[in-house]
Amino acid sequence: MEDLLIEILSTFGYPVRLQGSLAEDEAYPDHFFTFWNRSSDSQSHYDNDERAIVYNYDVNFYSIDPERVYSALREAKQLLKANGFIVSGDGYSVASDEPTHDGRGMNVSYLKQL
């Protein structure tokens, strides 16, 4: 499922990284997405077998441009929804390790039928 998430986010032309995967000596890109898989729980059990999995992710966007933090995440929300992801709300603030960058995040889910 991460492949689909990365593919969709990559269409914006920004790097997409696993949250926390930047090396200590690696410079932050000016604008980039991160994601973190919070869970992938089974659902719809029949005859002792799962029939669906709900994937849950945090998707964050970091930028040196505070306005872009909001606009890029809102655009990503629309594209993710158009591709079957469930996204509600307008996101939330996320901390940044760099004083030059602001961050904003949202929680997204995907129901995969097996």
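Q: Which pattern does the chain follow when read along the sequence?
A: This is a predicted model, in which local features need pLDDT of at least 70 and side-chain atom pairs count only at pLDDT 80 or more, while totals for chains, interfaces and linings use all residues. Residues are numbered from 1 along each chain as its sequence is written, and side-chain values use heavy atoms, with hydrogens and water left out. The chain has two helices and six strands, which are DSSP runs (helices: H or I, at least four residues; strands: E, at least two) numbered from the N terminus. In sequence order the pattern is α-β-β-β-α-β-β-β.

Q: What percentage of the residues in the chain is buried?
A: A residue is buried under 20% relative accessible area, exposed over 50% and partly exposed in between (1.4 Å probe, protein chains only). The chain has 114 residues, and the buried share is 33%.

Q: Among contacts in the chain between residues at least 6 apart in sequence, what share joins residues at least 24 apart?
A: Contact means heavy atoms within 4.5 Å. Of the contacts between residues at least 6 apart, those that join residues at least 24 apart make up 60%.

Q: Is Thr 34 buried or exposed?
A: Thr 34 lies in strand S2. Setting aside neighbours within four places in sequence, Thr 34 is in contact with Arg 17, Gln 19, Asp 58, Val 59, Asn 60 and Tyr 62. Its relative accessible area is 4%, so Thr 34 counts as buried.

Q: Which side chain is joined to that of Thr 34 by a polar contact of 2.3 Å?
A: A polar contact is a pair of N or O atoms within 3.5 Å; within protein, one must be able to donate a hydrogen and the other to accept it, and residues adjacent in sequence count only if both atoms are side-chain atoms. For Thr 34, the partner at 2.3 Å is the side chain of Gln 19.

Q: The side chain of Asn 37 reaches which backbone oxygen at 3.1 Å?
A: Asn 37 is in strand S2, residues 31-46, and is partly exposed because its relative accessibility is 27%. Beyond residues up to four places away in sequence, Asn 37 touches Glu 2, Asn 56 and Tyr 57. A polar atom of the Asn 37 side chain lies 2.9 Å from the backbone oxygen of Ser 39. At 3.1 Å, the side chain of Asn 37 reaches the backbone oxygen of Asn 56.

Q: How much space lies in the largest pocket?
A: On a 1 Å grid over the protein atoms alone, a pocket is an open set of points with protein on both sides within 12 Å along at least five of seven lines, a cavity is a set where a 1.4 Å probe fits but cannot get out, and lining residues have an atom within 4 Å of a point. The pocket has 16 lining residues, with Gln 19, Gly 20, Leu 22, Tyr 28 and Asp 97 nearest its centre. Points are joined across faces, edges and corners, and a volume is the space filled by probe spheres set on them. For the largest pocket this is about 190 Å³.

Q: Which element gives the largest share of the lining of the largest cavity?
A: The largest cavity has a volume of about 40 Å³. Its lining includes Tyr 70, Leu 73, Arg 74 and Lys 77. Helix H2 (66-82) and strand S6 (102-113) each supply at least two lining residues. The largest share, four residues, comes from H2.
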